[in-house]
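Here is a short tour for anyone meeting this structure for the first time. Please keep the 3D view open as you read.

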Amino acid sequence: MIFNKETAKKTAEVLLQINAIKLSPKEPFTWASGWKSPIYCDNRIVLSFPPIRNYIRETMGKHIERQYGKPDAIAGVATGAIGVGMLVAEYLGLPFIYVRPDAKGHGRKNQIEGFVESGQNVVVVEDLISTGKSSLNAVKALKEAGINVKGMVAIFTYGFDVAAKNFKKENVLLHTLSNYESLLEEALETNYISQKELVTLSEWNSNPSEWNVN
């Protein structure tokens, strides 16, 4: 769920402004999963724009503190959320760790990088939520290390039903700065998309795995 409508609208506005999110209903993108999609999101671009990365850092930091109080550490999900997670940790004056998809095959063979102790409270930072599988994989690794995951905060979510089900199943609380619904509202309001394109984008979101552009 989003923290509030105002934050969701502003975040959608800045993501569209810097092309971190691109909408292309007529010439869809192909995701790594093979899905055809009229939207592509790369929130790592945020890091290249100081005023916007500062907005994300401060907004996410304030909402984390308001929602959870100060945890013992911030955990970023590798690799996309390492940068923004570190910025949030710095803003809150907290230690930062990050979680790899899998344990390294050499050296100390860590999956969790950085110093954190069993029993400590962390909030996980993610850049983007699609199905939620990779994000929840990081949560699983933290829990297996005895760490208490208070919740997860992400910049943006596509709002897929499968993600909501996955987070509910794992009993992980998820908040995002913005979501697909807020993005479409902002894109329509600023004439980034037409009413006809809005229909196409809404149809995709309701059944992304089977969607094909007409």
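## What covers helix α1

The buried residues of α1 are covered by elements including β1 (21-23), α2 (50-68), β9 (148-157), β10 (174-179) and α6 (180-189). Helices here are DSSP runs of H or I with at least four residues, strands are runs of E with at least two, and both are numbered from the N terminus. Those buried residues are Thr7, Ala8, Thr11, Ala12, Val14, Leu15 and Leu16, where buried means under 20% relative accessible area, with a 1.4 Å probe and protein chains only.

This is a predicted model: local features need pLDDT of at least 70 and side-chain atom pairs count only at pLDDT 80 or more, while totals for chains, interfaces and linings use all residues. Residues are numbered from 1 along each chain as its sequence is written, and side-chain values use heavy atoms, leaving out hydrogens and water.

## Along the helix

Helix α1 takes in residues 5-17, 13 residues in total, and reaches 18 Å from first C-alpha to last, close to the 18 Å expected at 1.5 Å a residue. That expected span is 1.5 Å times one less than the number of residues. At its start, a side-chain oxygen of Asn4 comes to within 3.2 Å of the backbone nitrogen of Glu6. Just after the helix, Asn19 has a positive phi of about 65 degrees.

## A look at Thr7

Thr7 lies in α1 and counts as buried because its relative accessibility is 9%. Its side chain makes a polar contact of 3.2 Å with that of His63; such a contact is a pair of N or O atoms within 3.5 Å, and within protein one must be able to donate a hydrogen and the other to accept it, with residues adjacent in sequence counting only if both atoms are side-chain atoms. Leaving out residues up to four places away in sequence, Thr7 touches Tyr55, Thr59, His63 and Leu177, contact meaning heavy atoms within 4.5 Å.

## The sheet beside it

Now for the strands. An open sheet of six strands has the order β7-β6-β5-β8-β9-β10, with mixed pairing; two strands pair if DSSP finds at least two bridges between them. β7 (112-113) and β10 are at the edges with a single partner strand each, so one side of each has no neighbour in the sheet.

Helix α1 lies across β9 and β10, at about 55 degrees to β10. Angles run from 0 to 180 degrees between N-to-C directions, using lines fitted to C-alpha atoms, for helices over the stretch in contact.

Definitions and conventions: Buried < 20%, exposed > 50% of the residue type's maximum accessible area, 1.4 Å probe, protein only.
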